[in-house]
Amino acid sequence: SSSCSNKVKDAFMLDKSWTFLNHGAFGASLKCGYHRAQQWRCFLEEQPLRYFDRLLLPHLVHSTRCLADFLQTSPTNLALLPNVTSGMNTVIQGYCREHRDKAKVVLWETSYGSVKKMAQTF
C-alpha cells in the first residue's frame, strides 16, 4: 500500500515536503503529461504556421475519434473543451437562451465558484 502510494506521489511534480490536498479547483499535472505538453509547445514554437495551419485540426480529429472509441460513442456526440468552466459556461448559456423566460438554474452552496458566477450572470 505504501509502495503504491509512493509510486503515485512520484508521478506528480509536487514538492514532497508538503502535504497537498486537492479540492478540485486545481492540482498538479502528472510529470508525463507536463513533459508531453512541453514537447507540443516546443513543436508549435518551431513552426507556428505548420502547427496551426496543417497539423492542429487533424490531431484534434484523431483525439476526438480515440475518445469516442473509448467511450463507445460517435465522435459527433463529443466536444473537446479547454476546461470545465468553459464547458459549464456553454451549457448554462445554451440552456438560458433556449428557455429564456422559464430558465431556472439551481445551485447548492457548495458549488464551484466560477459556476456560481456564471449562474448569476444568466
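User: Among contacts in the protein between residues at least 6 apart in sequence, what percentage join residues at least 24 apart?

Analyst: A contact here means heavy atoms within 4.5 Å, and among contacts between residues at least 6 apart in sequence, 20% join residues at least 24 apart. This is a predicted model, in which local features need pLDDT of at least 70 and side-chain atom pairs count only at pLDDT 80 or more, while totals for chains, interfaces and linings use all residues. Residues are numbered from 1 along each chain as its sequence is written, and side-chain values use heavy atoms, with hydrogens and water left out.

User: How many helices and strands does the secondary structure come to?

Analyst: Helices (H or I, at least four residues) and strands (E, at least two) are DSSP runs, numbered from the N terminus; the protein has five helices and zero strands.

User: Which element has the lowest mean pLDDT, and which the highest?

Analyst: pLDDT is the predictor's confidence in each residue, from 0 to 100, and where pLDDT is low, the predicted coordinates should not be read in detail. The mean for the protein is 84, with 89% of its residues reaching 70 or more; among the elements, α5 has the lowest mean (76), and helix α3 (residues 48-71) has the highest (96).

User: How do α2 and α3 pack?

Analyst: Two packed helices are described by the angle between their axes and the distance between the axes. Axes are lines fitted to C-alpha atoms, for helices over the stretch in contact, and angles run from 0 to 180 degrees between N-to-C directions. Helix α2 (residues 31-46) packs with α3 at an angle of about 130°, their axes being 7 Å apart. Angles under 35 degrees count as roughly parallel, over 145 as roughly antiparallel, 65 to 115 as roughly perpendicular and the rest as oblique, and α2 and α3 are therefore oblique to each other.

User: Which residues form the largest nonpolar core?

Analyst: A nonpolar core is a set of buried Ala, Val, Leu, Ile, Met, Phe, Trp, Tyr and Cys residues joined through side-chain atoms within 4.5 Å. The largest has five residues, namely I92, C96, A103, V115 and M118, and the elements giving two or more residues to this core are α4 (84-98) and α5 (113-121).

Notes:
Buried means under 20% relative accessible area, exposed over 50%, partly exposed in between (1.4 Å probe, protein chains only).
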